[in-house]
Amino acid sequence: MSYAIETFDLAYRAGKHFEIRDLALKVREGSIYGFLGPNGSGKTTTIRLLLGMLKPVRGTISVLGRKVPDEMARIMAQTGYVPERPHLYPYLTLEQAVRYHAAFYEGFDMAYAGEMRRTFGLPLDQKLSHLSKGEMGKLHMLLVLAQRPKLLVLDEPTDGLDPVVRRDVLSALLDFCSQGSATVFISSHLVHELERICDWVGVLDNGRLVVELPMQSFKNGIKRIRLSGAPSLVGDTPFVVLQRETTGAEQVWVVRGWQPPMAQWFQGVGASVREVVDLDLEEGFVELLRSSRAPVS
Amino acid sequence: MNGDVFRQIDPRSSIPLYVQIADRIRIAVATGDMPPGGALPSVRHLASQIRVNPATVVQAYRELEEAGVVESRQGAGTFVRELGEPKREAERQRLARRLVRQLLQEAAALGVTREDLEEALRVEMKVKLA
């Protein structure tokens with residue numbers, strides 16, 4: 001298996017209070033990888049490390065099979081990057097901005113850019129300073145997609161955009177993805193949005209990677225289980241217990257790595273399973289963060 | 001093809017997206033919304049239209065192909081196969097069983113008993129028949 005992004009033992013420190021530790025990311029080639037985490041968890045910092053804009057205190061990074069930062073120019077030639085706060089010169093017209101951006105990328109596809117511009121309904125002769133936030137969001141996506149990059153790194157690409165614009169921007173992204181085998185690394189705290197498009201998920205909290213899994217295993221593996229007669233002390237379990245609560249005679253456990261035959265384990269400890277509920281990505285995400293911050297004893 | 005076929009795809013459901021997409025197509029085929037010989041939307045078009053990972057659409061189409069519901073023709077796309085009446089019948093029964101399975105799961109989650117369900121089914125069917 002080859003990876004579009006791979007980090008090993010990556011560490012970074014900013015001031016006294018924030019650090020990234022032991023970060024080992026593995027982003028498969030051709031995947032759409034959702035990089036989730038609450039605000040301030042280190043998503044943007046990680047992206048900047050990946051693209052050579054910050055210097056790690058330890059660890060190695062490879063992107064598109066090349067070493068960061070030694071081969072940064074070659075990496076960036078094949079990477080479409082939409083930063084958290086993209087910069088474009090506001091006095092350029094849209095047409096000028098496209099030409100300006102195109103000048104930096106050998107494979108820039110002018111015809112494709114034109115096609116997307118029409119789909120998005122963006123006016124050619126408008127100055128960027130006169131574009132709405134939604135129009136700017138579309139333009140940023142247009143510019144990186146028309147590069148026809150091997151890797152897209154998108155830092156909260158739809159943050160602050162209205163639902164209609166978000167939809168258009170994601171449609172364009174997926175249209176591009178179905179044309180080839182590009183890898184997409186997309187960070188967001190908008191969990192729902194990622195749920196339908198990503199096939200891999202990595203969750204970052206407080207500078208540490210809490211989990212990295214295929215989307216389907218992430219969604220299937222986390223369950224809320226209603227029990228009666230559950231033991232108050234948890235010994236060895238065949239699954240990971242994320243959360244336990246007791247309400248009256250009933251206990252509610254949230255577990256990770258659940259498979260149906262594991263119900264037998266509960267019988268073995270004298271408990272009976274009343275119900276196993278699937279959690280969607282957002283609920284799973286929240287439970288995962290709760291437990292990573294306060295591990296169940 | 002009716003554009004509403006995929007309207008109710010629910011990414012939050014525990015049913016994998018590719019299964020939901022494949023089911024929508026099975027239903028559209030069973031009801032004649034997608035006639036035999038008709039083309040399915042291209043992977044590119046559908047992925048972008050309903051905003052799902054293209055790999056998910058590919059997986060759905062592959063499952064339908066393995067089940068003999070559609071066939072892919074090299075370079076031309078994916079098409080609904082002509083189904084004989086026995087196959088169509090089998091497909092309807094398969095869909096019916098799946099509906100019942102979903103009903104039973106939801107009922108269990110809501111604490112609805114088997115007797116409640118049987119009674120409700122009798123009542124509802126009578127209403128529909130009358």
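How are α2(B) and α3(B) oriented to each other? The answer begins with the geometry of the pair in this predicted model. Helix α2, residues 43–50 of chain B, and helix α3, residues 54–66 of chain B, have axes that come within 9 Å and cross at roughly 120 degrees. An angle counts as roughly perpendicular from 65 to 115 degrees and as roughly antiparallel over 145; α2(B) and α3(B) are therefore oblique to each other. The handedness of the crossing of α2(B) and α3(B) is right-handed. On the side of α2(B), the contact is formed by B:V43, B:R44, B:L46 and B:A47, and on the side of α3(B) by B:P54, B:V57 and B:V58. Sorted by class, the residues of this contact of α2(B) with α3(B) comprise six nonpolar, one charged and no polar.

The helix pair belongs to a chain whose overall organisation may be described next. Chain B contains five helices and two strands, and these elements follow one another along the sequence in the pattern α-α-α-β-β-α-α. Two domains are assigned to chain B, domain 1 covering 3–80 and domain 2 covering 85–129. Their C-alpha centres lie 24 Å apart. Taken along the principal axes, the C-alpha atoms of chain B fill a box of roughly 55 × 35 × 25 Å. Chain B has 130 residues, of which 24% count as buried. Among the contacts in chain B with a separation of 6 or more, 56% are accounted for by residues 24 or more positions apart.

The description now turns to chain A. The secondary structure of chain A amounts to 10 helices and 15 strands. Chain A is likewise divided into domains, with domain 1 at 3–217 and domain 2 at 223–278, and the C-alpha centres of these two domains of chain A are separated by 39 Å. The box filled by the C-alpha atoms of chain A, along the principal axes, is roughly 70 × 40 × 35 Å. Of its 297 residues, 39% count as buried. When contacts in chain A between residues at least 6 apart in sequence are considered, 73% join residues at least 24 apart.

Two packed helices are described by the angle between their axes and the distance between the axes. For helix α5 (residues 133–146) of chain A and α6(A), the angle is about 5 degrees and the axes are 9 Å apart. Because angles under 35 degrees count as roughly parallel, α5(A) and α6(A) are described as roughly parallel to each other. The residues of α5(A) that make the contact are A:G134, A:G137, A:K138, A:M141 and A:L145, while α6(A) supplies A:V165, A:D168, A:V169, A:A172, A:L173 and A:F176. The contact of α5(A) with α6(A) divides into seven nonpolar, two polar and two charged residues.

Note on methods
Residues numbered from 1 in each chain as written. Chains lettered and ligands numbered in written order. Predicted model: local features only at pLDDT ≥ 70, side-chain atom pairs only at ≥ 80, totals over all residues. Axes fitted to C-alpha atoms, helices over the stretch in contact; angles between N-to-C directions. Helix = DSSP H or I, 4+ residues; strand = E, 2+ residues; numbered from the N terminus. Left-handed = near helix turned anticlockwise from the far one by under 90°. Contact = placed C-beta atoms within 7 Å. Nonpolar A, V, L, I, M, F, W, Y, C, P; charged D, E, K, R; others polar. Domains from an automatic or database assignment. Buried ≥ 20, exposed ≤ 12 C-beta atoms within 10 Å, placed from the backbone.
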